[in-house]
Amino acid sequence: MSGSEPAISGNQSLCTAFTLVAFSSLAELQPALFAVFLTTYLFTLGGNLTVIGLIWVTPCLHTPMYFFLVNLSFLEMCYITSVVPQMLVHLLVETKTVSVAGCAAQMYVFTILGLTECCLLAAMAYDRFVAICYPLHYMRLMRPAVCLKLAAASWATGTVVESAQTTWIFTLPFCGTGRIQHFFCDIMPVVKLACVDTSRHEMVLLLLSVVFLVSPCILILGSYGRILLTMSRIRSAAGRHKAFSTCSSHILVVSLFYGTALFTHVTPQAAHTLDIDKATALMYTVVTPALNPVIYTLRNKEVKEAFLRVTHRNPLRQMA
């Protein structure tokens with residue numbers, strides 16, 4: 001065996017499937033968990049489809065900010081769909097297995113979508129920065145071609161980086177029982193099943209997380225730093241409130257997403273426990289996608305007004 005090949009002891013057999021055992025100890029609660037997660041999943045799909053539909057049928061919402069919001073809503077539907085349907089099936093069946101290929105496919109999808117969301121949130125912060133700091137040049141700086149390039153760059157970055165990372169992870173040999181203490185194929189629980197020393201892989205994964213999670217976060221913080229500086233120069237309270245109201249929804253979404261993502265992927269593993277990791281993963285895979293449409297409808301005056309106009313002109317309501 002060459003020095004570059006992983007050394008696997010003779011009494012270890014390679015895994016052909018993994019078993020997800022996150023909820024195995026909660027057998028009596030699994031029917032209730034199924035109902036909760038199914039309701040949340042359907043609510044998330046309905047909420048994000050509603051946001052997309054409202055923007056589609058409302059010409060006054062055909063602006064750069066809502067173009068990015070449509071991308072975010074579509075991404076959130078795909079993100080939760082990459083995890084929850086499989087989790088719902090496993091809550092109903094006794095054997096909670098997934099093939100190595102199926103696990104890899106799931107990891108490809110949710111990691112690509114996760115990094116794309118990081119980049120997309122940075123693009124949305126840049127949009128708000130231009131709108132508030134350079135309002136007279138906004139339509140020129142954020143013309144449709146620029147918006148398309150920013151969205152395309154976000155999707156391309158997520159696809160290229162995470163495809164390479166996931167492919168690299170699944171070159172590792174996996175052996176043992178194949179039991180994953182999680183409800184989906186997250187990165188570190190899968191890496192820990194490798195038959196070889198993964199300390200180098202974990203360091204590289206941490207470095208990638210720092211570069212591709214923290215860099216968009218720095219861009220977001222920089223954008224809002226400039227926004228706060230510009231707002232401090234606005235003399236009227238009404239003007240400051242109007243400027244802040246256009247950012248408040250985005251700030252909440254960024255806080256929810258980055259709070260859990262940075263804890264999961266950047267903090268040292270010594271700070272993690274199985275229960276904390278599962279709870280954090282539930283936040284960014286299930287709860288956050290469900291809250292985003294609520295945040296963007298309840299805290300956004302233009303979306304609320306569009307919703308009221310659409311519902312009030314609905315022929316079924318007029319006939320009632």
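**Entry 1: the lining of the largest pocket**

I looked up which helix gives the largest share of the lining of the largest pocket, and I found α9, with eight residues. I took helices (H or I, at least four residues) and strands (E, at least two) as DSSP runs, numbered from the N terminus. The model is a predicted one, in which local features need pLDDT of at least 70 and side-chain atom pairs count only at pLDDT 80 or more, whereas totals for chains, interfaces and linings use all residues. Residues are numbered from 1 along each chain as its sequence is written, and side-chain values use heavy atoms, with hydrogens and water left out.

I noted that α2 (64–81), α4 (100–133), α5 (138–141), α9 (237–265) and α11 (301–312) each supply at least two residues of this lining. In total, 26 residues line the largest pocket, and Met65, Arg128, Lys242, Thr246 and Glu302 lie nearest its centre. By class, I recorded twelve nonpolar, eight polar and six charged residues in the lining. Here Ala, Val, Leu, Ile, Met, Phe, Trp, Tyr, Cys and Pro count as nonpolar, Asp, Glu, Lys and Arg as charged, and the others, Gly among them, as polar.

The space in the largest pocket comes to about 680 Å³. For the terms, I worked from a 1 Å grid over the protein atoms alone: a cavity is a set of points where a 1.4 Å probe fits but cannot get out, a pocket is an open set with protein on both sides within 12 Å along at least five of seven lines, and lining residues have an atom within 4 Å of a point. Grid points are joined across faces, edges and corners, and a volume is the space filled by probe spheres set on the points.

**Entry 2: the cavity**

I found one cavity of 30 Å³ or more in the structure. The largest cavity holds about 50 Å³ of space. I listed its lining as Leu20, Val21, Ala22, Phe23, Met87, His90, Lys96, His182 and Phe183. Six of these count as nonpolar, two as polar and one as charged.

**Entry 3: the salt bridge**

I searched the whole structure for salt bridges (a side-chain nitrogen of Lys or Arg within 4 Å of a carboxyl oxygen of Asp or Glu), and the search gave one. The salt bridge joins the side chains of Arg128 and Asp127, at 2.9 Å from N to O. I then checked accessibility, where buried means under 20% relative accessible area, exposed over 50%, and partly exposed in between (1.4 Å probe, protein chains only). Arg128 counts as buried because its relative accessibility is 8%, and Asp127 is also buried, at 1%.

**Entry 4: other residues**

I placed Val89 in helix α3 (residues 84–92).

I found Leu75 in helix α2, where it is buried, with a relative accessible area of 0%. Leu75 and Glu162 are 87 residues apart in sequence, and their C-alpha atoms are 15 Å apart in space.

I found Arg179 in strand β3 (residues 179–180); at 46% relative accessibility, Arg179 counts as partly exposed.

**Entry 5: the whole protein**

I counted twelve helices and three strands in the protein. Of its 320 residues, 44% count as buried. The C-alpha trace spans about 75 × 50 × 35 Å along its principal axes.
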